[in-house]
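Thanks for coming, everyone. Let me put the chain up and walk through how its parts pack.

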Amino acid sequence: SSGINAEYGGGTSRQNLGLALLAFQIFQFGIDRIPLVTLVTLLTNIGVYLQVPKLFDIHMPQTHDVCISYQGVVMYREYSRLILSGFYHLTDMHLYYNMASLLYKGTQISLKAVN
């Protein structure tokens, strides 16, 4: 099962609907119109969700090791959680909603930065 949270029962939605919707959204928007930083961030998030780093024997932390928690960040000073948590999604629909939002916001920010 794809998705990094299968060990917690999260796994993926049936038929990977979120991934299909995300692919449709990206191609409908036009992959050539997506700002480079936004595109790289989208692809990185999709790659982490699909566990692509494991194909290259790159260790991937478990979800409970990267989620933002008071105990982890404040008490144990695991500041990497502040960055890594943004790349981990519980389900493909979670990934879809976050990446659709990123696609829109990343494009808007890029357009404002140019003008």
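**Helices and how they pack**

The chain has six helices and zero strands. By helix I mean a DSSP run of H or I with at least four residues, by strand a run of E with at least two, numbered from the N terminus. Along the sequence the pattern reads α-α-α-α-α-α.

A word on the source. This is a predicted model, where local features need pLDDT of at least 70, side-chain atom pairs count only at pLDDT 80 or more, and totals for chains, interfaces and linings use all residues. Residues are numbered from 1 along each chain as its sequence is written, and side-chain values use heavy atoms, with hydrogens and water left out.

Now the overall numbers. Of the 115 residues, 33% count as buried. Buried is under 20% relative accessible area, exposed is over 50%, and partly exposed is in between, with a 1.4 Å probe and protein chains only. Next, contacts, meaning heavy atoms within 4.5 Å. Take those with a separation of 6 or more: residues 24 or more positions apart account for 67% of them.

Let's start with α6, residues 92-114. Its 23 residues should span 33 Å at 1.5 Å a residue, and the end C-alpha atoms are 32 Å apart, which agrees. The expected span is 1.5 Å times one less than the number of residues. Which residues of α6 are buried? They are Asp92, Met93, Leu95, Tyr96, Met99, Ala100, Leu103, Gly106 and Thr107. The cover over them includes α1 and α2.

Take α1 first, residues 17-29. The axes of α1 and α6 are 7 Å apart, and the helices pack at an angle of about 20°. That makes α1 roughly parallel to α6. The axes are lines fitted to C-alpha atoms, for helices over the stretch in contact, and angles run from 0 to 180 degrees between N-to-C directions. Under 35 degrees counts as roughly parallel, over 145 as roughly antiparallel, 65 to 115 as roughly perpendicular, and the rest as oblique. The crossing of α1 and α6 is right-handed. That term applies if the near helix is turned clockwise from the far one by less than a right angle, and left-handed if anticlockwise.

Who meets whom? From α1 come Leu17, Gly18, Leu19, Leu21, Leu22, Gln25, Ile26 and Phe29. On the α6 side are Asp92, Met93, Leu95, Tyr96, Met99, Ala100, Leu103 and Thr107. By class, this contact has 12 nonpolar, three polar and one charged residues. Nonpolar covers Ala, Val, Leu, Ile, Met, Phe, Trp, Tyr, Cys and Pro; charged covers Asp, Glu, Lys and Arg; the others, Gly among them, are polar.

Look at Phe29 in α1. Leaving aside residues up to four places away in sequence, Phe29 touches Ile34, Leu103 and Thr107. Phe29 and Leu103 are 74 residues apart in sequence, yet 8.9 Å apart C-alpha to C-alpha.

On to α2, residues 36-49. It has 14 residues and reaches 20 Å from first C-alpha to last, close to the 20 Å expected. The buried residues of α2 are Thr38, Leu39, Leu42, Asn45, Ile46, Gly47, Val48 and Tyr49. Their cover includes α1, α3 (52-55) and α6.

How do α2 and α6 cross? At roughly 170°, with axes that come within 10 Å. That makes α2 roughly antiparallel to α6. Thr38, Thr41, Leu42, Asn45, Ile46 and Tyr49 in α2 meet Asp92, Leu95, Met99, Leu102, Leu103, Gly106 and Thr107 in α6. This contact divides into seven nonpolar, five polar and one charged residues.

Thr44 sits in α2. Thr44 is partly exposed, at a relative accessible area of 34%. Its C-alpha is 7.6 Å from that of Phe87, 43 residues apart in sequence. Tyr104 sits in α6. Tyr104 is exposed, at 53%. The C-alpha atoms of Tyr104 and Ile34 are separated by 9.2 Å, at 70 residues apart along the chain.

Last, the loops. Gln51 lies between α2 and α3. Its phi is positive, near 60°, in a residue other than glycine. Arg77 lies in the loop between α4 (70-75) and α5 (81-84). Arg77 is not a glycine either, and has a positive phi of about 55°. Arg77 is exposed, with a relative accessible area of 61%.
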